[in-house]
Amino acid sequence: MNTDDWKSRLAALSATLPADDSAGEESSDAPAEAKSADVILVSYERKGRGGKQATILSGFTCDDDELRDVAARLKQRLATGGSARGGEILIQGDCRDRVGKQLIQLGYKVKGVKC
């Protein structure tokens with residue numbers, strides 16, 4: 001099997017692609033409308049959860065699909081579990097400071113934590 005065959009095909013294909021104009025720009029992780037409009041309140045809860053700690057993020061105005069996408073990014077970056085429903089994201093554990101930093105990196109305004 002010739003290994004140069006797929007390399008030459010890939011080189012020919014990459015030559016036909018348009019140039020990437022956003023090389024110097026930072027990639028956007030959340031929708032532009034949500035970033036500018038949402039002020040996210042970060043709070044901490046233990047009551048009603050059997051003693052388990054939870055960080056609650058509220059104030060999202062995006063639809064449920066975008067909310068789940070933001071929650072998935074946060075859970076992956078923080079290496080923790082959680083859920084998203086009803087305009088709120090629940091992150092397992094007390095990680096208010098880390099969540100605040102991640103939300104700022106995603107372009108949201110944050111209340112309730114010192115970042």
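1. L67 touches F60, C62, A84, R85, G87, E88 and I89, leaving aside residues up to four places away in sequence; contact here means heavy atoms within 4.5 Å. L67 is found in helix 3 and is buried, with a relative accessible area of 1% (buried means under 20%, with a 1.4 Å probe and protein chains only). The C-alpha atoms of L67 and I89 are 7.6 Å apart, although 22 residues separate the two along the chain.

2. A word on the basis: this is a predicted model, where local features need pLDDT of at least 70, side-chain atom pairs count only at pLDDT 80 or more, and totals for chains, interfaces and linings use all residues. Residues are numbered from 1 along each chain as its sequence is written, and side-chain values use heavy atoms, without hydrogens and water.

3. Now the sheet: five strands form an open sheet in the order 3-4-2-1-5, with mixed pairing. Strands (E, at least two residues) and helices (H or I, at least four) are DSSP runs numbered from the N terminus, and two strands pair if DSSP finds at least two bridges between them. Strand 3 (82–85) and strand 5 (109–111) stand at the edges with a single partner each, so one side of each has no neighbour in the sheet.

4. Strand 2 (residues 54–58) and strand 4 (residues 88–92) run antiparallel and are joined by five bridges. In this pair, S58 stands opposite E88 of strand 4.

5. Back to the helix that holds L67: helix 3 (residues 64–78) lies across strand 2, strand 3 and strand 4, at about 20° to strand 4. Axes are lines fitted to C-alpha atoms, for helices over the stretch in contact, and angles run from 0 to 180 degrees between N-to-C directions.

Notes
Buried means under 20% relative accessible area, exposed over 50%, partly exposed in between (1.4 Å probe, protein chains only).
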